[in-house]
Amino acid sequence: MNGHPQFDEDFDLYALGVLDADEARALAAHVERCRDCARQLDAARGRTAALALAAPAEVPSPAVRERLLRQVRTETAEPPGSSFWSFQRWLVPALALASVALAVGLAFERARNREFAQTIQVLQAQAQRQKVETVRALAVLEVLTAPDTLKVTLVAGTAQPVPQGKAFYHLSKGLVFYAANLPALPAGRTYQLWLVPVAGNPVSAGVFAIDASGNGAVLLPDLPAGVAAKAFAVTEEPEGGVPQPTGPKVLVGLVS
Amino acid sequence: MKSGGLVPTTGPLPDPRAADLDLIRRVVDGDEGALAALYDRYSGLVYSVAKRVLQDAGAAEEILQDIFYQLWRTARSFDAARGSLPGWLLVTARNRAIDRLRRRPPGDRAATEEAPTNFPFPLEAAVSRNEMMSRVKAALGGLPEAQRQAMELAYFEGLTQSEIAQRTGEPLGTVKTRMRTALQTLKRALTA
């Protein structure tokens, strides 16, 4: 089609998507060059879009809204065009969250572990400087405070100071884990946390790094829903983690 | 008796389209509450279109969630284009649902692609949205049965004119004439 479309309805037919492929291509090519026709096509698109309003009114289940907001919270939105800013955007709430989760843990352990307290104070100071992602932190709090959350202490045999881990696991709300006094690892090695189910193979709950004092945390990792746990364990693995544990067990804790 | 004039206690009603753009800017800044507000305003619109096309609540809900998640991720490009959000939502909901119905791979369309830049119907306010729904339903319902059926097969099932001819067992020429006539009538009804 070199000239203008023969009929005004051609724009509507194109917008509706019912033209044959050849006709559609020809009209699209013409509209590229002809401003008047582009305007007419835009108007036709508006009219066509309005046909959607003829659909009978329906109300979606409230569960969709919840799923959407959960998706938005857990997956970091990436502002287009800037990976640096998307990294920043992820980093700040993540650090803040780690601080808050550890602060909550303090309520349980303050009396027993002064080293944790020191770490938490440092992290709390960070939290004050950073924007806290409140909703996710509340999810962490829920795991820690629910009456049916399992609380498992993970210890190693004889090392000094004693490496220790705490796992807070709730079947539906998730897992919060933190560790202290873990020895530094050689380059290319990492710690990996495992949920050992009552039946079946261990499930990875993610790898984690430790700071200079040997403290690390795993917060609300993606786990299959509703897996009953027999134990939790930390192993030393190659960087990036492995699907099934291969390295030495550093910490183990049975669900009592 | 001295009496004061009546003065408005509130400012003018906020412009719904400006309110949408403000919410979109907040979504760009990562404000979940703003996304929730847009969802509350338009989820019914999106879901109704997807459900009408797919006739399946679960599939329509997936499309609803996907579209608002796409808005969350691409709000920046939408903000720059300043189009009509309901216009984009309607076009996207229909296209996604048709892609799924016809088992086409979903096109990775940008937020503003294929949406009319000048959507002529103010759907941002609930009152005018309901009015427009009645108007479109009346326009479509006022068509002769065969024309209405052809329009619905094209719009809600994504059939081409040839496919409509096959489906209805009528000659292609008849279908083409029917659609042109229907579109002329609808254009008059919707632009009046």
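1. A salt bridge is counted here when a side-chain nitrogen of Lys or Arg lies within 4 Å of a carboxyl oxygen of Asp or Glu. By that rule A:Glu9 is joined to B:Arg180, with the closest N and O atoms 3.5 Å apart. This pair crosses between chains, from A:Glu9 in helix H1 (residues 9-16) of chain A to B:Arg180 in helix H8 (residues 172-191) of chain B. Helices (H or I, at least four residues) and strands (E, at least two) are DSSP runs, numbered from the N terminus. A:Glu9 counts as buried, at 9% relative accessibility; buried means under 20% relative accessible area, exposed over 50%, and partly exposed in between (1.4 Å probe, protein chains only).

2. On the basis of the note: this is a predicted model, in which local features need pLDDT of at least 70 and side-chain atom pairs count only at pLDDT 80 or more, while totals for chains, interfaces and linings use all residues. Residues are numbered from 1 along each chain as its sequence is written, chains are lettered from A and ligands numbered from 1 in the order in which they are written, and side-chain values use heavy atoms, with hydrogens and water left out.

3. On chain B as a whole: the secondary structure comes to 8 helices and 0 strands. Of the 192 residues in chain B, 47% are buried. A contact means heavy atoms within 4.5 Å; among contacts in chain B between residues at least 6 apart in sequence, 62% join residues at least 24 apart. Chain B exposes about 9400 Å², and carbon and sulfur atoms supply 52% of this area. Accessible areas come from the Shrake-Rupley method with a 1.4 Å probe, and for residues only the protein chains shown count as cover.

4. On the interface: 57 residues of chain B and 45 residues of chain A take part in the contact. The area buried between the two chains is about 4700 Å², with 63% given by carbon and sulfur atoms. Buried area is the accessible area (1.4 Å probe) that two parts lose on being put together, summed over both. B:Gln65, B:Tyr69 and B:Arg180 supply 14% of the area that chain B buries against chain A, more than any other three residues.

5. A:Glu58 and B:Lys51 form another, the closest N and O atoms being 3.3 Å apart. A:Glu58 lies in the loop between helix H3 (35-50) and helix H4 (62-74) of chain A, and B:Lys51 in helix H2 (residues 32-54) of chain B. A:Glu58 is partly exposed at 28% relative accessibility, whereas B:Lys51 is buried at 18%.

6. On charged pairs within chain B: the side chains of B:Asp20 and B:Arg41 meet in a salt bridge (2.4 Å, N to O). B:Asp20 lies in helix H1 (residues 16-28) of chain B and B:Arg41 in helix H2 of chain B, so the pair ties together parts that are 21 residues apart in sequence. B:Asp20 is buried at 2% relative accessibility, and B:Arg41 is partly exposed at 27%. Salt bridges that share partners also join B:Arg52, B:Glu145, B:Arg148 and B:Glu152 into one network.

7. On the strands of chain A: strand S3 (residues 174-180) has 7 of its 7 residues buried. Both faces are covered, with A:Gly174, A:Val176, A:Tyr178 and A:Ala180 on one side and A:Leu175, A:Phe177 and A:Ala179 on the other. Two strands pair if DSSP finds at least two bridges between them. S3(A) pairs in the antiparallel sense with strand S2 (residues 164-170) over 7 bridges and with strand S6 (residues 216-219) over 4 bridges. A:Ala167 stands opposite A:Phe177, and A:Val176 has A:Leu219 in S6(A) as its bridge partner. S2(A) and S3(A) form a hairpin with 3 residues between them.

8. A:Cys34 is buried at 11% relative accessibility, and A:Cys37 is buried at 2%.
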